Amino acid sequence: MTVVSNTTPLNYLILIGQADILHKLYELVLIPEAVFNELSTPSTPQPVREWIANKPSWLELRKASEAPLGEMEEIQIGERQAIALAQIINPEFLLLDDRRARLIAKQRGLRVVGTLGILARAAQSGIINLEDALERLRRTNFRVSPGLLESLLIKDDKLP
């Protein structure tokens with residue numbers, strides 16, 4: 001299974017030490033050049049820059065055509081290129097967190113999952129402990145309502 005990823009899910013999964021779950025869940029992750037560049041910039045946390053500089057074999061860089069702006073001018077270049085690449089590749093999922101980018105991607109018929117959805121799916125598959133992963137995520141600057149995190153934990157507790 002192949003997915004296309006934007007910067008944010010990769011960034012946070014790397015920061016909490018869970019980037020490898022992407023390979024376990026999806027096998028192949030494709031990123032456009034803008035995402036690679038965003039993960040490599042000096043303002044990006046050092047562990048993320050080191051990870052992308054030594055990227056694993058299951059992460060591939062792909063050329064993405066620049067999508068026409070229109071509604072896409074409201075989102076960042078990494079998100080634009082990830083959506084454009086996903087429209088060409090037709091992956092199982094597009095990994096995106098930004099609300100506006102997710103809406104645009106869904107309007108274009110793409111299946112979208114974010115960082116929390118990835119973590120929830122990994123927990124359901126028995127790959128990670130969701131409570132531990134969410135606690136590590138809370139220690140980053142990831143923005144999410146406490147209520148959403150609590151609802152994920154409640155759902156996880158109810159799983160057999």
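I started with the largest nonpolar core, which has 34 residues. Leu10, Leu22, Tyr26, Ile118 and Leu119 are the ones with the most contacts inside it. For the term I used buried Ala, Val, Leu, Ile, Met, Phe, Trp, Tyr and Cys residues joined through side-chain atoms within 4.5 Å. Buried is under 20% relative accessible area, exposed is over 50%, and partly exposed is in between (1.4 Å probe, protein chains only).

The most comes from α7, with 5 residues. Helices (H or I, at least four residues) and strands (E, at least two) are DSSP runs, numbered from the N terminus.

There is also a second, separate core of 16 residues, including Val4, Ala64, Ala82 and Val112.

**Caveats for myself**

This is a predicted model: local features need pLDDT of at least 70 and side-chain atom pairs count only at pLDDT 80 or more, while totals for chains, interfaces and linings use all residues. Residues are numbered from 1 along each chain as its sequence is written, and side-chain values use heavy atoms, with hydrogens and water left out.

**Helix α1**

I checked how covered α1 is: 7 of its 9 residues are buried. Those are Thr7, Pro9, Leu10, Asn11, Tyr12, Leu13 and Ile14. After α1 comes Gly17, with a positive phi near 75°.

Next I listed the neighbours of Leu10, skipping residues up to four places away in sequence. Leu10 touches Ser5, Leu22, Ile31, Val35, Leu39, Trp51 and Leu59. Contact here means heavy atoms within 4.5 Å.

Asn11 also sits in helix α1. Asn11 counts as buried, at 12% relative accessibility. With neighbours within four places in sequence set aside, Asn11 is in contact with Leu39, Thr44, Pro45 and Val48. Leu39 is on the list for Leu10 and on the one for Asn11.

**The largest pocket**

How much space lies in the largest pocket? I get about 930 Å³. The method is a 1 Å grid over the protein atoms alone; a pocket is an open set of points where a 1.4 Å probe fits, with protein on both sides within 12 Å along at least five of seven lines, and lining residues have an atom within 4 Å of a point. Points are joined across faces, edges and corners, and the volume is the space filled by probe spheres set on them.

The lining has 28 residues, of which Thr8, Asp97, Asp98, Phe142 and Arg143 lie nearest the pocket centre. Two or more lining residues come from each of α1 (7-15), α6 (99-107) and α7 (115-124). The largest share is from α1, with 5 residues.

By class I noted 9 nonpolar, 10 polar and 9 charged residues in the lining. Ala, Val, Leu, Ile, Met, Phe, Trp, Tyr, Cys and Pro count as nonpolar, Asp, Glu, Lys and Arg as charged, and the others, Gly among them, as polar.

**Salt bridges**

Searching the whole structure, I found 5 salt bridges. The criterion is a side-chain nitrogen of Lys or Arg within 4 Å of a carboxyl oxygen of Asp or Glu.

- Glu60 and Arg62 meet at 3.0 Å, N to O. Glu60 is partly exposed at 29% relative accessibility, and Arg62 is partly exposed at 32%.
- Arg100 pairs with Glu74, the closest N and O atoms being 2.7 Å apart. Arg100 lies in helix α6 and Glu74 in the loop between β3 (59-62) and α5 (77-89), so the pair ties together parts 26 residues apart in sequence. Arg100 is partly exposed at 27%, whereas Glu74 is exposed at 55%.
- Glu135 pairs with Arg138, the closest N and O atoms being 3.2 Å apart. Being 3 residues apart in helix α8, they are separated by about one helical turn. Salt bridges that share partners join Glu135, Arg138 and Arg139 into one network.

**Chain start**

Where is Met1 placed? Met1 is in the segment before β1 (2-5), partly exposed at 35%. Not counting residues up to four places away in sequence, Met1 touches Leu25, Tyr26, Glu27, Leu28, Glu92 and Arg121. I also logged Met1 and Leu22: 21 residues apart in sequence, 11 Å apart in space, C-alpha to C-alpha.
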